[in-house]
Amino acid sequence: MSKSPFLQSVRTEIRTKQYSYRTEKSYLYWVRLFILFNDKKHPKVMGNHEIERFLNHLAVNRGVSPGTQNQALCAIIFVYKHVLKREIENLQYKMTKTPRRMPTVLSPDEVASILQNMDAEYWLITALLYGCGLRINEALSLRVKDIDLKSRSLLVFNGKGRKDRYTLIPGNLRENMERQFAHVRAVHESDLADGFGLTSVPASLHKKYGPAMKDFGWQHLFPSVTRCVHPIAGYVCRHHLHHSSYSRRLRQAVLATGITKRVTAHTFRHAFATELLRSGSDIRTVQEILGHSDIRTTEIYTHVIGDRRAGTVSPFDRLPSS
């Protein structure tokens, strides 16, 4: 199935539109599953009925989340629209809305206690998540050239929604960042001495810049321990740390602190936004730093900070002391 001419055509269309490698893997997974579920029929002979059956199967029999259902639907719609050149209309299936939940937020003391149980690059990644409001993939994808310590600015290149943005770098991270630069340079010089030195980039950039990918500025700020073969272009390169490696280390640190909240890498981004609003930062500024397209996404943090904003006090706190 993986060498199917049809799936190859889907892969080609995805790469032509320069979608991320993660999106490519996700879309191919769902399209393959859709075909298998419908007895390996070619999508061109299928339509609304088969799509509806598949989506209902995911919701009822597999119990997948609303986000996963929508991801599967997006993959199938992509195939019909861009590969088969057919519009899917009047689908008797409404895209499930993901429930809007309040984010888990850590206090500064809780963040500090987690940091005390982390070290090396994992400490710095966490500091950047909390200090700059980054998503985990944005932090891991940082390159040396994206960091400007003099102006204390950090470029998030091609973030969520394919948008670039700048965010601030905490001043007290300068020495840690310089030590990380030194580590990256040592790893890179070792790669060059072994006849390698290329960093991992999207295939289109590799084709455009070629040998320039050996420049120090293009290297990932958090390089992987080992080299790998680029999954698309096929050259030997050094990728960044995998997010699962960070997740394991974060879990160990949280367990060591005794914090009972559910803490993920994204929790530090929530804490970053909340602390900015608590300290009086303008919500539009926070929206820009976080890279939110809609101000309503940023406004959810105003609910998190509760009575410390606008002086709201619970009626219980006004009861006479007994």
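Select Tyr19, Tyr27 and Phe78 together, and you will have on screen the three residues that form one aromatic cluster. Keep in mind throughout the tour that this is a predicted model.

How many aromatic pairs does a search of the whole structure find? The search finds six. For one of them, select Tyr29 and Trp30, whose rings lie 4.9 Å apart centre to centre with 75° between the planes, an arrangement that is edge-to-face. In general, a pair of aromatic rings is described by these two values, the distance of the centres and the angle of the planes. Now colour the two residues separately: Tyr29 is partly exposed, with a relative accessible area of 37%, whereas Trp30 has a relative accessible area of 4% and is therefore buried, the cut-off for that word being under 20%.

Next, select Phe34 and Phe54, another edge-to-face pair, with 5.5 Å from centre to centre and 65° between the planes. Which helices does this pair link? Phe34 belongs to helix α2, residues 21-37, and Phe54 belongs to helix α3, residues 48-60, so that the pair links distant parts of the chain, 20 residues apart. Both Phe34 and Phe54 are buried.

Then select Arg185 with Phe216, where the charged end of Arg185 sits over the ring of Phe216, 3.8 Å from its centre.

The last stops concern the backbone. Most residues other than glycine have a negative phi. Is Lys40 buried or exposed? With a relative accessible area of 61%, Lys40 is exposed, because that word applies to values over 50%.

Finally, move to Lys85, found in the loop between α4 (66-83) and α5 (108-115). Phi of Lys85 is also positive, near 60°, and Lys85 is exposed, with a relative accessible area of 62%.

Notes: Residues numbered from 1 in each chain as written. Predicted model: local features only at pLDDT ≥ 70, side-chain atom pairs only at ≥ 80, totals over all residues. Heavy atoms only, no water. Phe/Tyr/Trp six-rings, centres within 6.5 Å; stacked < 30°, edge-to-face > 60°. Buried < 20%, exposed > 50% of the residue type's maximum accessible area, 1.4 Å probe, protein only. Helix = DSSP H or I, 4+ residues; strand = E, 2+ residues; numbered from the N terminus. Lys NZ or Arg CZ within 6 Å of the ring centre and 35° of its normal.
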